[in-house]
Amino acid sequence: MGRPGLNRRQLLTAAGGLAVAGSFGFAALGTGADALASTARTRVRYWNLFSGGDGYNMIAMLDAFRQAHPDIEVKDSTLQWGNPFYTKLAMAAAGNHAPDLGVMHIGRVAGFAPGRLLDAWDVGLLAEYGLREQDYNPGLWQRGIADGKLYGLPLDVHVQLCFYRKDVLKKAGLLGADDRIVPVTSADDWFGVLKEARKATRKGLQTIGLWINDQNFQWWFFVAFYTQLGGTWFDDARTEVTFDTDRAGQVLEFLRRHVTDGYADPAMGSVGAEQFINGAPFAWEGNWSVPVYSAAKLDYGAIPLPPVFGKPATHAESHSFVLPHQSERGGATDEAAHRLAAYVVTHARQWAAGGHVPAYTPTLSTPAYKKLYPQNEYVSAMDHQANEPKVWFAGSTGILAQRVGPIVVSSTMGSARPDAAARRMKSELATLLAMKNPMDGRTAAQGGTAA
């Protein structure tokens with residue numbers, strides 16, 4: 001996801017230069033100040049929230065753009081990940097001091113007052129720069145639409161995955177002839193797999209890491225399995241809660257069973273990645289863990305969260321480019337912002353190295369992408385996205401996760417019964433539906449979030 005940390009030059013040093021970029025067709029193009037060409041005629045100010053591995057990959061793509069477009073100067077700034085980033089971006093847009101280009105989780109677009117704090121993309125101009133709607137998964141493109149206009153331009157899809165250790169599963173007889181995990185199509189299948197995997201697991205290791213104590217991860221897992229069951233959240237008018245407590249209870253019971261049956265240890269709820277590296281057979285994590293596990297040289301694979309309720313669906317968010325509101329947006333700078341965003345989206349092979357699924361679908365069929373492993377094993381997640389509802393209080397680190405995530409945790413941990421937790425979730429959803437968006441003073445029913 002890109003947590004705050006190193007600055008640009010530190011990231012390049014820590015990553016050992018641009019060796020990885022070169023392997024994906026990017027050259028070593030310099031850093032910060034020396035990349036700002038003195039001959040540049042147009043300057044684009046770009047704010048993002050990428051650091052760590054994501055920050056390094058973004059830097060490589062920006063440097064490639066600078067070399068290809070020496071007449072455009074890109075001044076990129078990395079801000080603190082999460083709500084601090086969104087607060088500063090909102091204040092800048094409201095005060096007419098916004099950057100020319102920004103990044104936002106697409107689930108947050110509806111809450112950012114499209115048309116007030118965000119400007120719409122010129123899809124015709126994007127097409128001139130080689131980026132068209134038909135280059136996207138239709139559902140993903142629609143997530144960036146509000147009031148019939150495009151406000152969020154997707155860069156990727158980042159999803160929750162089921163990571164598995166091939167060495168452990170081979171001992172347990174759980175690898176198929178294709179060297180991948182045996183098919184799982186029901187909850188019984190899944191717990192049968194866990195039972196066999198535990199027999200081949202070293203003592204002192206849990207069978208699966210689930211981030212039991214983390215409200216965000218537990219919420220993301222809930223969204224995935226609730227979507228598999230066909231669950232809904234609100235009616236189309238956003239005036240009534242349609243949340244199904246029976247289906248929710250099924251999901252909560254399923255998550256809780258990992259603890260009650262002894263496959264996940266609450267005492268190790270936040271060390272799933274370490275356990276996986278040390279030999280635990282499974283970990284449910286975001287795709288941003290791919291570089292971590294690959295760097296550890298594990299013999300592993302990764303698939304979307306198993307379709308235990310029949311319908312494939314795994315939680316998905318998307319980093320998207322946005323145009324923070326400017327009262328005088330337009331001209332050469334705005335055109336350069338469009339060109340930069342289109343370039344990064346259409347040259348996202350480097351971004352795929354970080355585990356993300358590129359939103360630009362032509363990338364997925366290239367030989368370079370098809371060779372990426374385990375990325376090519378979970379690319380189907382693009383077509384089976386489980387998304388949060390399209391309302392102002394949803395999206396990564398949003399109010400919805402803050403309010404409902406802890407309820408899911410209480411059920412998984414055992415401090416609340418699943419049926420009671422499901423009822424509390426529905427009550428909280430009703431409260432949120434009646435709340436007004438502090439960005440524009442409108443409820444979800446009054447807001448401009450319709451596709």
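Reader: Which residue forms a salt bridge with Glu377, and how far apart are the closest N and O atoms?

Author: The partner of Glu377 is Arg180, and the closest N and O atoms are 3.9 Å apart. The pair links distant parts of the chain, 197 residues apart: Glu377 is in the loop between α16 (367-370) and β15 (385-386), and Arg180 is in the loop between α7 (166-171) and α8 (187-199). Please keep in mind that this is a predicted model.

Reader: Is Glu377 buried or exposed?

Author: A residue counts as buried under 20% relative accessible area. Glu377 has 9% relative accessibility, so Glu377 counts as buried. Arg180, with a relative accessible area of 30%, is partly exposed.

Reader: How many salt bridges does the structure hold?

Author: The structure holds 18 salt bridges. One of them joins the side chains of Glu428 and Arg403, at 2.9 Å from N to O. Glu428 belongs to helix α18 (residues 418-434) and Arg403 to helix α17 (residues 399-413), so this pair ties together parts that are 25 residues apart in sequence. Arg403 is partly exposed, at 35% relative accessibility. The side chains of Arg257 and Asp261 also meet in a salt bridge, at 2.8 Å from N to O. Arg257 has a relative accessible area of 34% and is partly exposed; Asp261 is partly exposed with 30%.

Reader: Which residues are linked in a network of salt bridges?

Author: Asp63, Arg66 and Asp76 are linked in such a network.

Reader: Which strand pairs with β8 over two bridges, and in which sense?

Author: Strand β14 (residues 357-358) pairs with β8 in the antiparallel sense over two bridges, and Val157 stands opposite Val357 there. Two bridges also join β8 to β12, again antiparallel, with His158 opposite Glu317. Five bridges join β8 to strand β10 (residues 282-286), and these two run antiparallel; the bridge partner of Gln160 in β10 is Gly286. Strand β11 (residues 300-304) pairs with β8 over five bridges in the antiparallel sense, and Arg165 stands opposite Tyr300 in β11.

Reader: What does His315 touch, not counting residues up to four places away in sequence?

Author: The residues that His315 touches are His158, Val159, Gln160, Trp220, Val223, Ala224, Ala386 and Glu388. His315 is placed in strand β12 (residues 314-317) and is buried, with a relative accessible area of 3%.

Reader: Where is Pro307 found?

Author: Pro307 is in the loop between β11 and β12. Pro307 is partly exposed, at a relative accessible area of 22%. From C-alpha to C-alpha, Pro307 and Thr185 are 5.5 Å apart in space, although 122 residues apart in sequence. Leaving aside neighbours within four places in sequence, Pro307 is in contact with Val184, Thr185, Ser186, Gln228 and Pro312.

Reader: How is a pair of aromatic rings to be read?

Author: Such a pair is described by the distance of the centres and the angle of the planes. The structure holds 37 aromatic pairs. In one of them, the rings of Tyr46 and Phe321 have centres 6.0 Å apart and planes at 55 degrees, so the pair is tilted. Tyr46 lies in strand β1 (residues 42-48) and Phe321 in strand β13 (residues 319-324), so the pair ties together parts that are 275 residues apart in sequence. Tyr46 is buried at 1% relative accessibility, and Phe321 is buried at 1%.

Reader: What kind of pair do the rings of Phe65 and Tyr343 form?

Author: Their centres are 5.3 Å apart and their planes stand at 70 degrees, so the pair is edge-to-face. Phe65 lies in helix α3 and Tyr343 in helix α13 (residues 331-346), so parts 278 residues apart in sequence are tied together. Phe65 is buried at 0% relative accessibility, and Tyr343 is buried with a relative accessible area of 13%.

Technical notes:
Residues numbered from 1 in each chain as written. Predicted model: local features only at pLDDT ≥ 70, side-chain atom pairs only at ≥ 80, totals over all residues. Heavy atoms only, no water. Helix = DSSP H or I, 4+ residues; strand = E, 2+ residues; numbered from the N terminus. Buried < 20%, exposed > 50% of the residue type's maximum accessible area, 1.4 Å probe, protein only. Contact = heavy atoms within 4.5 Å. Pairing = 2+ DSSP bridges. Salt bridge = Lys/Arg side-chain N within 4 Å of Asp/Glu carboxyl O. Phe/Tyr/Trp six-rings, centres within 6.5 Å; stacked < 30°, edge-to-face > 60°.
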